[in-house]
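Student: Hello! I have a new structure open and would like to learn how to read it. Could we go through it together?

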Amino acid sequence: MSTISEAIGFNLIVIGPTLALVATALVLLFCTITIETSDFVKKTITFGGILLTIFTVFLKFGLFLTDGISSYFTEKILIDEFSLFGNVLIALILLFNFSPIWNTSNQLKDKTTEAIILALMSASGFMLMVDSESFMMLFIGLEIGSISLYALAGINRGDLLSNEAALKYFLLGSLASCVLVYGVALVYISLSISGFYDTAIAIPYIGAGNVPLTTFIGFLFIIVGLLFKVAAAPFQSWAPDVYQGSPTGYVGYMASVAKVASFLVIARLCIVSLRAVMENFELFFLAVIIISIFVGSFFATVQSDMKRLIAYSGVIQSGFILSGIVSGVNGTSASLFYITAYTIQLIGIFTIFTIISGKLSSDFSIENLSGLFVENKFLTICFSIFMLGLAGIPLTSGFISKFILITNLWSYESYVLVVILMLSTVAGFYFYLRPIWVAAIDKPETPVERITLKRSQILSLSALSFATIYFGLLPNSLINISRWVIQNYL
Amino acid sequence: MSILIYTLMLFPLIGSLIIFTMPKSRSELFRPIAIFLSIIPFGLCLYLFTNSQSKGSFVNIHTIDWIKSYGISLTFGISGMSLLLLFLTAVLMLLSFLSVSEKYSESKGFIGSILVLHFAVNGVFLSGDLLSLFIFFEALLIPMYFLMGIWGGENRRYATIKFIIYTVFGSVFIFIGTVYAGVISYGVTGRLALDFATLSSLTFTTEQSRVLFLMFTFGFLIKVPIFPLHTWLPDAHVEAPTAGSILLAGVLLKVGAYGILRVSIPFFTEGFLEYKFLIAVLSVIGIIYGAIVAIAQIDIKRLIAYSSVSHMGFVMLGISAGNYLSLEGAIIQMVNHGLTTGALFMLVGFLYERRHTRRISDFGGIKTTMPKYAAIFLFCSFASIGLPGLNGFVGEFMILMGSFATYKVLSGIGAFGVVLAAIYMLWAYQRMFTGEISIQENKELVDLDSKEMISVVPLLVLMLFIGIYPSFIEGYVTQDALLISEIIDIFSGRLN
């Protein structure tokens with residue numbers, strides 16, 4: 001047994017986070033369908049499960065320290081810096097979205113724990129996705145993660161917009177998955193490789209000039225499938241509708257977790273696998289970045305729905321992150337910083353939206369923010385910090401991430417890109433400051449709803465806004481982490 | 001020394017935190033605390049005047065390692081020019097706290113925002129590297145956004161957004177310039193060293209120097225503002241609350257000119273030599289255009305706003321002439337303009353609180369009901385016109401003297417700005433203060449009370465002081481002006 005398990009690289013620690021999440025989900029499912037369990041017990045189980053996940057991530061760090069970059073389960077699963085970074089981020093995303101997801105679930109018509117089960121399942125899928133060595137595992141992880149997200153989007157069954165969001169997300173998402181799996185197949189038939197590190201070895205071995213066109217098309221398809229998940233234009237069309245239609249409390253989770261996982265996989269593809277042939281993809285990425293910036297900036301300025309605005313702002317941010325990833329190793333480290341900072345702000349904003357909307361509103365007009373300052377100053381300050389962070393005002397993490405990203409781009413001599421990205425921040429100032437204006441400056445015409453904050457909400461919002469300011473003032477720690485991730489490829 | 005500088009910079013920020021955490025029920029304490037909080041930076045500035053280090057050109061006082069893996073550090077230091085502008089800021093802050101009416105002084109947000117603004121402005125004038133300069137330059141926007149947005153006039157939304165978008169559009173280029181300079185510096189020093197000492201030791205190629213000069217100068221010129229880029233200014237001034245206008249005109253416009261003097265010219269001199277004539281032409285257009293448009297205004301606040309365009313045109317003319325005398329004059333004129341325009345905006349604010357109108361035609365003959373006010377307004381008008389014996393004369397005379405050596409025709413045309421200034425200021429004075437009172441409400445106007453007198457008279461004293469004893473202020477300007485003019489001479493000598 002032991003020799004066999006050694007031979008196939010059987011190691012439970014590697015898939016520890018996934019196992020912990022699935023186990024928690026199963027326990028919750030069992031509790032829901034068999035015995036009557038109080039909400040408190042369910043919450044404790046969930047929270048315990050998330051903490052267990054974080055603990056197993058730590059165990060993985062231990063394994064990484066002894067083994068280094070290595071693959072397990074017959075080269076299906078691997079540990080490298082990207083996967084560890086992704087595991088930590090996904091676990092933290094889950095932790096910080098715990099309270100919005102529960103709060104929204106409590107307001108659902110038929111009280112249900114479905115949502116949290118789906119969230120845990122999708123997190124397990126995305127964990128698997130960032131851990132995958134083989135492209136098939138990548139596909140499986142992506143599917144486990146995404147299918148749960150489709151269901152999450154449509155969980156508010158009575159709401160038309162929610163149904164629309166789920167259907168749209170499902171149809172377009174499946175299409176993207178098809179493209180991705182077709183890409184995997186093309187890569188396999190043309191080069192007989194099916195893994196990230198295999199590719200990294202194979203391409204230099206046969207020489208960058210001898211790589212067949214089919215392989216390139218295959219990789220292009222894989223990248224397109226992933227770009228769909230990060231909502232980079234022209235693959236962004238689902239994002240505004242899904243953000244708008246889905247129950248508010250879940251959007252922060254849905255948006256951030258898919259983005260983090262997909263960006264890490266794209267980064268690994270670009271830095272590790274396709275390093276030798278990246279210049280063949282440059283034009284494609286450049287087009288995607290520029291279209292993302294233009295589409296995002298243009299549509300974000302005219303939105304009156306906050307969730308749609310954040311969706312289009314996400315398109316712009318995807319352009320920013322992507323521009324770093326395709327600009328060499330240092331640019332990737334800047335992008336990793338960027339995506340962490342962005343995720344923090346995104347979760348913060350959606351936590352606030354969950355609190356404000358107070359009901360399962362699928363329509364979240366910018367006017368809903370009116371009078372927020374009168375009602376709750378703490379929320380307004382947090383909201384302003386997150387929005388200013390997205391805009392990239394100095395003294396927030398948004399500025400640092402833009403600064404190091406642009407510096408890397410400039411040293412990579414992408415001057416045009418820098419000018420386009422920076423001009424989009426001018427537009428950004430317009431549409432990021434407008435909600436602040438409505439929230440903090442406009443006097444409300446109708447009396448505003450009473451907002452009472454739970455202790456968990458205050459705690460998580462304080463932590464997120466503290467992180468936004470902290471990484472803006474003292475970014476050293478996060479920059480060092482993001483440089484640690486790419487250190488082997490410098 | 002470094003403790004002094006950090007206190008000067010961070011004290012307003014800590015002050016704003018104190019104000020923000022105070023309970024709302026003690027709102028009557030906000031003003032006294034704010035005044036106390038701005039007396040300390042004022043005192044520090046006075047103390048720094050006695051320090052020998054602060055008389056020279058820029059000296060680095062302290063460096064913080066900020067982002068280690070990129071080798072980015074933040075540097076802070078001081079020079080004579082910085083000190084003068086810091087002093088101007090501290091004076092205007094103190095006086096605007098004194099002058100604000102109850103409506104504003106009992107609002108946490110208002111007092112707090114002004115203190116944050118003070119912090120950011122001090123940061124700009126104290127920063128010794130491009131990155132911290134940019135950070136504070138951009139951080140200025142947040143308090144201004146709230147000041148104009150919450151306490152502004154009718155059309156504040158339009159004015160605020162316009163102000164923000166204009167400034168951000170400019171600062172994008174400053175940002176790219178900073179990155180560009182950083183990357184060049186990385187190639188030489190192996191780290192992203194952006195401090196002024198490193199930058200002055202770098203040699204930029206002609207191409208780099210031109211591009212960088214354009215980037216930085218474009219961003220700063222929007223803030224100055226120079227002629228075609230000035231359109232945000234009248235709207236912003238008219239819509240901002242009185243204290244906001246005072247600080248906008250008195251301090252924020254100086255940030256742009258300061259940036260050009262501190263960054264654009266000394267480090268990217270070849271670019272400056274290439275484009276200085278263009279800047280001079282635009283400044284002269286600004287002088288004349290601003291003055292002519294000011295004549296046509298029916299709103300007194302807008303009139304003063306356009307007079308700012310004209311006066312800052314003089315500053316830019318002096319800077320673009322680039323010789324010792326004109327540079328000195330430009331720096332002195334920056335301080336002068338801050339004092340005069342600050343005082344005028346404050347006076348207009350007093351009148352607006354009484355009558356809730358700023359239309360010149362709504363007044364007339366109010367000299368009889370408000371004699372003290374009329375006298376002070378006339379004094380400030382004369383200072384603004386540049387009457388000998390008052391501060392305006394010193395700066396404008398030096399600028400015109402200096403720039404005449406370089407641009408004979410342009411400075412000749414620019415000199416007409418002084419004549420036009422006399423027309424718009426005195427004509428406005430005539431329409432508002434002299435003659436018979438025709439409107440009933442104006443008969444019941446109350447003259448300035450002691451609080452208002454206290455807040456405006458110090459500015460008059462400073463105007464007179466600079467007017468009759470300019471050597472004092474000149475002593476702090478000399479080294480900076482000398483250094484910049486020497487750099488320009490060296491480069492133009494090499495080029496010709």
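Tutor: Gladly, and let us begin with confidence. This is a predicted model, and chain B has a mean pLDDT of 88, with 99% of its residues at 70 or more. For the model as a whole, ipTM is 0.90 and pTM is 0.93.

Student: Next, the overall make-up. How many helices and strands does chain A have?

Tutor: Chain A has 20 helices and 2 strands. Chain B comes to 21 helices and 2 strands.

Student: How do I judge whether a chain is compact?

Tutor: Compare the radius of gyration with what the globule rule gives for a chain of that length. For chain B the value is 22 Å, close to the 23 Å given by the rule for 496 residues, so chain B is as compact as a globular protein of that length. As for extent, the C-alpha trace of chain A spans about 70 × 60 × 40 Å along its principal axes, and the C-alpha atoms of chain B fill a box of roughly 70 × 60 × 40 Å.

Student: What share of each chain is buried?

Tutor: In chain A, 60% of the 490 residues count as buried; in chain B, 61% of the 496 residues do. Among contacts in chain A between residues at least 6 apart, 79% join residues at least 24 apart. For chain B, residues 24 or more positions apart account for 81% of the contacts with a separation of 6 or more.

Student: What should I look for inside?

Tutor: Here is the general idea: in soluble globular proteins, nonpolar side chains tend to be buried together. In this model the largest nonpolar core has 370 residues, and A:Ile90 and B:Leu347 have the most contacts inside it. Leaving out residues up to four places away in sequence, A:Ile90 touches A:Ala123, A:Phe126, A:Met127, A:Val257, A:Val260 and A:Ala261.

Student: And where do the two chains meet?

Tutor: Look for residues of one chain in contact with residues of the other. Here 25 residues of chain A are in contact with 25 residues of chain B. On the chain A side, the elements giving two or more residues are helix H17 (397–411), helix H18 (415–441) and helix H20 (476–485). H18(A) supplies the largest share, 11 residues. By type, that side of chain A divides into 19 nonpolar, 5 polar and 1 charged.

Student: How do I check the length of a helix?

Tutor: Helix H15 of chain B, residues 324–355, has 32 residues and reaches 46 Å from its first C-alpha to its last, close to the 46 Å expected at 1.5 Å a residue. H15(B) is mostly covered, with 28 of its 32 residues buried. Just after H15(B), B:His356 takes a positive phi of about 55 degrees. Another case is helix H5 of chain B, residues 108–126: its 19 residues reach 27 Å, close to the 27 Å expected. Of those 19 residues in H5(B), 18 are buried.

Student: Is B:Phe11 buried, exposed or something in between, and what does B:Phe11 touch?

Tutor: Counting neighbours settles it: a residue needs 20 or more other C-beta atoms within 10 Å to be buried. B:Phe11, in helix H1 (residues 2–21) of chain B, is partly exposed because 19 other C-beta atoms lie within 10 Å. Beyond residues up to four places away in sequence, B:Phe11 touches B:Leu37, B:Ile40 and B:Pro41.

Student: Which backbone details deserve a look?

Tutor: A cis peptide bond joins A:Ala233 and A:Pro234, with omega about 5 degrees; A:Pro234 is in the loop between helix H9 (213–230) and helix H10 (238–245) of chain A. In chain B, a cis peptide bond joins B:Val224 and B:Pro225, with omega about -10 degrees. B:Pro225 lies in the loop between helix H10 (206–223) and helix H11 (232–239) of chain B.

Student: And phi?

Tutor: A:Thr74 is not a glycine, yet its phi is positive, near 45 degrees. A:Thr74 lies in the loop between strand E1 (70–72) and strand E2 (77–79) of chain A, and is exposed, with 12 other C-beta atoms within 10 Å.

Conventions:
Residues are numbered from 1 along each chain as its sequence is written. Chains are lettered from A and ligands numbered from 1 in the order in which they are written. This is a predicted model: local features need pLDDT of at least 70, side-chain atom pairs count only at pLDDT 80 or more; totals for chains, interfaces and linings use all residues. Helices (H or I, at least four residues) and strands (E, at least two) are DSSP runs, numbered from the N terminus. Two residues are in contact if their C-beta atoms, placed from the backbone, lie within 7 Å. Ala, Val, Leu, Ile, Met, Phe, Trp, Tyr, Cys and Pro count as nonpolar, Asp, Glu, Lys and Arg as charged, and the others, Gly among them, as polar. The expected span of a helix is 1.5 Å times one less than its number of residues. A nonpolar core is a set of buried Ala, Val, Leu, Ile, Met, Phe, Trp, Tyr and Cys residues joined through C-beta atoms within 7 Å. pLDDT is the predictor's confidence in each residue, from 0 to 100. The radius of gyration is taken over C-alpha atoms; the globule rule is 2.2 Å times the number of residues to the power 0.38.
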